[in-house]
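Please consult the sequence and the model shown here while reading.

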Amino acid sequence: MDKSQILKEIIESRKSTFPKDYTGETLSPGVLQSILDSAQFVPNHKRTKPWRFRVFTDEAKKDLGIKLAEIYRETTAPASFLQKKYDDIPAKVNKAGAIISISVAFSGLVPEWEEIAAVAMGVQNMYLTSAANNTGCYWSSPGLIRYLDGYLELAENEKCYGLFYLGALESEQNEI
C-alpha cells in the first residue's frame, strides 16, 4: 500500500473513543512518546511552539482525578451537585492509560488564534498517531479545566484548553 493510501486509511479511522471504552491497561511508553512527539510537527508562526503538554500516568493520573472531583464539589451549587458525577470523575480518569493536559502558551508575537490553531493541529496529529497505534483517545474540554491553572502550574501567559485521554482498546476495536 502506498503512503497516500495509508494516510487516507489513518485519517478515515481517526475518531474519539471515550474512557468508558478503554481497557484500563497501561500504555506502552513508546506509543505514548510517539503520540506526544507527533504534536510538534505542525506549522507555528514565528516558531513560537505554543503547545504545553503535561502527561499524567500512574499516581499523577490518580491525583488528577481526585483534583477534578474536588473542583467539581467546590464549584457546584449544592442543589446541582450529583454524587454519581462526583464519583464518576476519578473512575473515568483511572480508566485511561494516560491523560495529557493541553495548554497554550501565548507568546504575544502573533495573534492568539494562530497559537491556538497550532496547538489544535498538534492535537489532531496526536489523534492520527493514536489511530495508527490502535489507541483510543478523546479531547475533553469540561468546564472544570478553567480551575486547573494553579494545579498545572501554568504561567500567566498560559491557558488550559482541555485534557487528552488515551487508552488501550479491546482487540476488536483495534482494527483500522
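How many bridges join β1 to strand β2 (residues 98–105)? The two strands are joined by 6 bridges and run antiparallel.

## Basis of the description

The model is predicted: local features need pLDDT of at least 70, side-chain atom pairs count only at pLDDT 80 or more, and totals for chains, interfaces and linings use all residues. Residues are numbered from 1 along each chain as its sequence is written, and side-chain values use heavy atoms, with hydrogens and water left out.

## Overall architecture

The chain contains 5 helices and 4 strands, where helices (H or I, at least four residues) and strands (E, at least two) are DSSP runs numbered from the N terminus. Along the sequence these elements follow the pattern α-α-β-α-α-β-α-β-β. The radius of gyration, taken over C-alpha atoms, is 17 Å, close to the 16 Å that the globule rule gives for 176 residues, so the chain is as compact as a globular protein of that length. That rule is 2.2 Å times the number of residues to the power 0.38.

The C-alpha trace spans about 55 × 45 × 25 Å along its principal axes. Of the 176 residues, 41% count as buried; buried means under 20% relative accessible area, exposed over 50%, and partly exposed in between (1.4 Å probe, protein chains only).

## The antiparallel sheet

The 4 strands form an open sheet in the order β1-β2-β4-β3, with antiparallel pairing. Its edge strands, β1 (51–56) and β3 (135–140), each pair on one side only. Neighbouring strands are turned by 25° against each other on average, direction ignored; the axes are lines fitted to C-alpha atoms, for helices over the stretch in contact, and angles run from 0 to 180 degrees between N-to-C directions. Two strands pair if DSSP finds at least two bridges between them.

On the β4 side, 8 bridges join β2 to β4 in an antiparallel arrangement, with Ile-102 bridged to Gly-162. A further 6 bridges join β3 to β4, also antiparallel; here the partner of Thr-135 is Ala-168.

In β2, 8 of its 8 residues are buried. Ala-98, Ile-100, Ile-102 and Val-104 point one way from this strand, while Ile-99, Ser-101, Ser-103 and Ala-105 point the other way. In a regular strand the side chains alternate between the two faces of the sheet. For β3, 5 of the 6 residues are buried, so this strand is largely enclosed by the rest of the structure.

Gly-65 lies in helix α3 and counts as buried at 1% relative accessibility. Its C-alpha atom is separated by 9.4 Å from that of Asp-88, 23 residues apart along the chain.

## The largest pocket

The largest pocket has a volume of about 220 Å³. On a 1 Å grid over the protein atoms alone, a cavity is a set of points where a 1.4 Å probe fits but cannot get out, and a pocket is an open set with protein on both sides within 12 Å along at least five of seven lines. Grid points are joined across faces, edges and corners, and the volume is the space filled by probe spheres set on the points.

The lining residues divide into 8 nonpolar, 3 polar and 3 charged; Ala, Val, Leu, Ile, Met, Phe, Trp, Tyr, Cys and Pro count as nonpolar, Asp, Glu, Lys and Arg as charged, and the others, Gly among them, as polar.

Methods
1 Å grid on protein atoms, 1.4 Å probe; cavity = no way out; pocket = protein on both sides within 12 Å on 5 of 7 lines; lining within 4 Å.
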